[in-house]
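Subject: Model handover, with notes on the ligand site and cavities

Hi,

Here is the structure I promised to pass on to you. My notes follow below it, and I hope they are handy when you open it up.

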Amino acid sequence: MISIFKFFVLVAIFNKSLADDYLLNKKRFPADFMFGVATSAYQIEGAWNEDGKSMSTWDNLTQTDPETILDGSNGNIACDSYHKYKEDVAMLKELGVDHYRFSLSWSRILPNGFPDQINQPGANYYKNLIRELRANGIEPMVTIFHWDLPLALQELNGVLNESFIDWYADYAAVCFELFGDDVKLWTTFNEPKQTCTGGYGYAYFIPYIHSEGLLEYQCAHNVLRAHAKAYRIYDERFRASQGGKVSIVLDAYSYLPASDSAADITAAETRMQFDLGWYANPIFNGDYPEIMKSRIANRSKGEGRDVSRLPEFTDEEKIALNGSADFFGLNVYTAALVAAMDDPPISNPPSKYQDMGVNDYQPSDWETTSLDWLKVAPWTIRHLLNWINDHYHQPDIIVTENGVCDNTGTFQDTQRVSYIQRYLSNIRDTMEQDGVNVIGYIVWSIMDNFEWAQGYTQRFGLHHVDFDSPNRTRTPKQSAQYYKNVCETKCLVDDDFECID
Ligand code: GBH
């Protein structure tokens, strides 16, 4: 039940979207607030077959089906960070961030996917990177898996194989063992919803299996159990000696009610539960959201099925999952409005869309970018952060990705400056006025990189990368200058006199 107070807060936030008089927050962020930037292995490293690395699913896709990538490109060289990590660290240092979020390539560390053969040169790459970061006073934040599965494991059915839970946990344990003395911030999976709904639901993502409302739930079930297993391994074997924090990175839209009608408010809550709650509720509250369990069970029954399409956790799994995150890692880029609709009739094949039974859309007057899905709606992050705060026991929240694209290659990236400034301002409002514990903010990305199916046509970087030059020359954009000042002053305006202590 939504309280009257929250209802008014919601309506107030909703209405703010219509107001143009939003005032930038000029209060400094706390001294210990983390400012960082992010990348992922396949998107920047290159060196796809060097020093014993095996093929990942992304190497395989881009090389065998280049037409699936908008410009036919691949990450064979990407930003060449495998060879240029010292330059990358110098760039981070110059930017003044205190954290760098990057991911490990499973196929670089364990070429056959399993821990019986550790590829030492691959492990050394990350050891060197971590050493270089630490030598420069930058804290590494490591994502263990950011989508580039060893091809050998995909050939064994990848995430859908129940054994994936063990494969993943073994790999994570190798990572903790190899790097855990120098890494204090870990996340297990980046955006499992992309892996599951993209890979096994709508099929816009490797391995392109279309099974909405069925295999996508099975995929998530395995990912969640793999996450919990890795988290408990950290508890049992590494936490006492290494003393780090472990979580997961979940991607979310801010879903706001399309109107202040009770039906739309309920619809937005349902949408949030099917989106973020699907992954967050097991981790923070020990099970899938009630609304998912009941709606999917009912519809499954109506379809003549004996068991629900949404798998069930055992009691033991619930215990392992419950509380398996030391902070909340949130990737957020955009938002949508949600309206109630008539419950779709039961029909085969099923879909998550029908399971949700709500309608979401992005209003046509929202600020656009070079990617269709990425509409700029900074005020909505306040709603999302409050929602997380209310549903998951006021966790420490790190915004592990936020940023915006362009397809022009401009150095005068004014939209990116404005995007970062407005999102951060709304985050600062949320901390100050709502008491939500946001402890860090990470921009995607430090530099332009291989943007998955978009290839190199979309640029997210604070630094421009010249992909035509063998040097992959990095050049700061206007947004790098802006963010540098934010890191230095912890304040969102350039003129320090205007900042409020
Ligand atoms: C993040 O995903 C990733 O973690 C990162 O690797 C990536 O480079 C970055 O964002 C920028 O995209 O409407 O069918 O086109 C963001 C999640 C995945 C959300 C793709 C939107 C669009 C699907 N995004 N999705 S579609």
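How far is an oxygen atom of the ligand from an N or O atom in the side chain of W444? The separation is 3.2 Å. Do keep in mind that this is a predicted model.

E451 places an N or O atom of its side chain 2.6 Å from a ligand oxygen, and for Y333 a polar side-chain atom is 3.1 Å from an oxygen atom of the ligand. On its own the ligand has 590 Å² of accessible area, and the protein covers 77% of that. The ligand takes up the space of the largest pocket. Around the ligand are 14 residues, the closest being Q43, H146, E191, E451 and W452. By class, this shell holds six nonpolar, five polar and three charged residues.

The largest has a volume of about 100 Å³, and helix 3 (57-64) and helix 9 (192-200) are the elements that give two or more residues to its lining. Among the lining residues are W58, F145, W147, Y200 and F205. Nine residues of this lining are nonpolar, three are polar and none is charged.

The second largest cavity comes to about 60 Å³. Its lining has five charged residues alongside three nonpolar and three polar ones, and includes E45, K53, D59, R108 and D148.

How values were computed:
Residues are numbered from 1 along each chain as its sequence is written. This is a predicted model: local features need pLDDT of at least 70, side-chain atom pairs count only at pLDDT 80 or more; totals for chains, interfaces and linings use all residues. Side-chain values use heavy atoms; hydrogens and water are left out. On a 1 Å grid over the protein atoms alone, a cavity is a set of points where a 1.4 Å probe fits but cannot get out, and a pocket is an open set with protein on both sides within 12 Å along at least five of seven lines; lining residues have an atom within 4 Å of a point. Grid points are joined across faces, edges and corners, and a volume is the space filled by probe spheres set on the points. Helices (H or I, at least four residues) and strands (E, at least two) are DSSP runs, numbered from the N terminus. Ala, Val, Leu, Ile, Met, Phe, Trp, Tyr, Cys and Pro count as nonpolar, Asp, Glu, Lys and Arg as charged, and the others, Gly among them, as polar. A residue is near a molecule or strand if one of its heavy atoms lies within 4 Å of it. A polar contact is a pair of N or O atoms within 3.5 Å; within protein, one must be able to donate a hydrogen and the other to accept it, and residues adjacent in sequence count only if both atoms are side-chain atoms. Accessible areas come from the Shrake-Rupley method with a 1.4 Å probe; for residues, only the protein chains shown count as cover. A molecule sits in a cavity or pocket if more than half of its atoms lie within 2 Å of its grid points.
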